[in-house]
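Dear colleague,

Please find the structure below, together with its sequence. A description of selected features follows.

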Amino acid sequence: MHLATTGRPGLSRALYEEIRTGIADGTYAAGAVLPSTRALAAERGLSRATVTLVYEQLAADGFIETRAGAASRVASGAASIHRAGQPTRSPDRPGTGAPPSGRLSAIGRRVAAMGTGLPLATAPGEIDFLYGPLAGSDFPTLTWSKALRAVERQRVRRLAYEDPRGNPELRQALQVHLGQTRGLACTADQIMIVNGSQQALDLCARLLLDPGDRVVVENPGYRAAHQAFMAYGAQLVCVGVDGHGLKVGELTGVGRAQLAYVTPTHQFPLGSFLPIARRRELLSWAGRTGAWVIEDDYDSEYRHAVRPEATLQSLDTWGCVIHVGTFSKTLSPQLRLGYMVLPPSLVEPFTNAKRLTDRHAATGAQRALALLLEDGSYARHVRRMRRRQLARQRALMQALAHHLGDEVEVQGAASGLHVVVWWLSLPKSVEADLVRASRQRGVRVYPISPLFHPVADEMSPRRPAGLVMGYALLEDEEIREGVRRLAGAARSLKAGMRLWPASGHSEASTS
Ligand SMILES: Cc1ncc(COP(=O)(O)O)c(C=O)c1O
């Protein structure tokens with residue numbers, strides 16, 4: 001059987017190359033268990049048949065071992081097959097052994113296999129509970145254009161390249177702002193403006209990781225971060241999450257890791273909050289073992305019902321924390337404005353890497369933002385946004401209670417712009433059906449399964465179906481109507497299936 005017979009040959013070839021490259025560079029060691037075809041298909045949005053064919057081809061080429069009823073494993077000696085440069089069949093051109101025209105690098109092949117992850121366009125009238133975007137009506141258009149005009153009026157003598165870390169006025173204003181709102185203790189020299197926090201994650205991966213390095217990540221967690229690390233050949237070490245965030249106690253069994261990526265103030269996606277004792281324990285593990293820690297503080301402005309807690313950055317006595325923040329959740333993800341607060345030892349390498357990447361972030365928007373921070377309009381805008389998002393969340397919670405009552409359990413409502421909704425009477429195996437049935441009724445919802453690492457999620461087969469529901473994009477009336485339709489979709493789905501016993505559910509909902 002050849003991979004070319006699958007419906008999406010480009011994707012099957014990319015997946016084949018990703019796994020083969022991972023084996024060659026040590027990301028997947030001999031004997032390592034591969035995710036099941038079902039889990040990997042769900043994670044990548046591929047058909048199970050496609051993944052099965054890729055596994056069969058890898059087995060035929062000697063890279064992995066498959067046995068009926070058992071997990072597929074990396075074959076012993078598989079890495080040397082690749083290193084010895086033996087011709088391997090291209091899955092799209094089986095049997096030819098011909099090199100593809102224009103070879104991608106190992107990183108390129110891994111990235112290609114990940115797909116773009118772009119959400120499909122919404123149809124007119126569709127109600128979209130996508131987490132990520134903000135409502136255009138919430139953008140402070142007048143204030144922002146006034147600031148941009150003021151910046152344009154400031155005549156500058158030289159149109160020169162700036163410091164790769166970004167505009168000095170913005171970094172100065174941000175230092176004051178972060179000190180006041182997040183208790184961060186840093187100098188403006190440690191702050192670097194980046195094109196959204198995604199660029200910060202990419203820079204961290206490039207500068208801190210070698211192929212095969214182990215990275216501790218939360219499970220479930222933020223895929224765009226995990227993919228940035230995997231792109232550079234990192235091996236993810238998935239640590240579970242409970243109602244108090246990362247299970248830090250499990251780190252002692254993890255051994256040496258180069259990096260840990262955490263969302264301590266609002267765990268993505270479950271929404272839990274890492275208490276101070278766990279924060280200290282995490283830092284002492286990192287300090288003892290020599291690991292870096294990325295603190296992703298992506299939506300800390302929206303604390304609806306939790307006290308601000310000391311950031312990892314402000315507790316760090318080892319100089320191991322890289323604090324990352326973004327303006328994507330308060331102003332707009334389209335601005336691509338984020339920041340890093342670097343430990344002193346990383347300022348120079350990151351400044352150089354930023355210079356080599358894109359010189360620096362665009363100056364006009366940075367200076368406009370500096371004005372908003374300096375004259376207090378940003379703080380006023382954030383207060384307004386917090387009230388607005390809380391009202392949306394209340395509309396969602398009320399609609400869920402009204403239409404679904406005890407059928408669902410909501411997790412992570414204490415802060416942020418999304419909640420996780422667990423369907424206590426639906427097993428996780430019907431998540432995709434629930435998404436489809438909702439779509440037929442004009443509602444877009446998003447399953448939680450892709451945010452779990454496939455191998456680790458298989459350990460909790462009885463976890464209920466879960467949805468990640470964002471509300472920042474919608475008006476209150478749309479939220480109510482969307483939940484009404486969603487409840488109808490769930491009812492029709494349940495009517496068509498054998499009822500799943502609503503017994504106590506998984507460790508995922510311990511908050
Ligand atoms: C966990 C997490 N970090 C960061 C971001 C923000 O990314 P960016 O600043 O690149 O827009 C998001 C956005 O959805 C997120 O969910």
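Which residue just after α13 takes a positive phi? That residue is G376, with a phi of about 85 degrees. Before going further, please note that this is a predicted model, in which local features need pLDDT of at least 70, side-chain atom pairs count only at pLDDT 80 or more, and totals for chains, interfaces and linings use all residues. Residues are numbered from 1 along each chain as its sequence is written, and side-chain values use heavy atoms, with hydrogens and water left out.

Helices (H or I, at least four residues) and strands (E, at least two) are DSSP runs, numbered from the N terminus. Helix α13 covers residues 363-374 and has 12 residues. Its span from first C-alpha to last is 17 Å, close to the 16 Å expected at 1.5 Å a residue; the expected value is 1.5 Å times one less than the number of residues. Among the buried residues of α13 are Q366, L369 and L373, where buried means under 20% relative accessible area, exposed over 50%, and partly exposed in between (1.4 Å probe, protein chains only). The buried residues of this helix pack against α6, α7, β4 and α14, contact being heavy atoms within 4.5 Å.

The model also holds an open sheet of four strands in the order β12-β13-β16-β15, with antiparallel pairing. Two strands pair if DSSP finds at least two bridges between them. The edge strands, β12 and β15, each pair on one side only. Strands β13 and β16 pair over seven bridges, and V421 stands opposite L467 in β16. Helix α15 packs on this sheet, touching β13, β15 and β16, and its direction makes about 45 degrees with that of β16. Helix α17 packs on the sheet too, touching β13 and β16, at about 20 degrees to the direction of β13. For these angles, axes are lines fitted to C-alpha atoms, for helices over the stretch in contact, and angles run from 0 to 180 degrees between N-to-C directions.

Most residues other than glycine have a negative phi, and most peptide bonds are trans. R336, in the loop between β10 and β11, has a positive phi near 50 degrees. R359, in the loop between α12 and α13, has a positive phi near 65 degrees. The peptide bond from N219 to P220 is cis, with omega near 5 degrees, and a cis bond also joins F268 and P269, with omega about 10 degrees.

Yours sincerely
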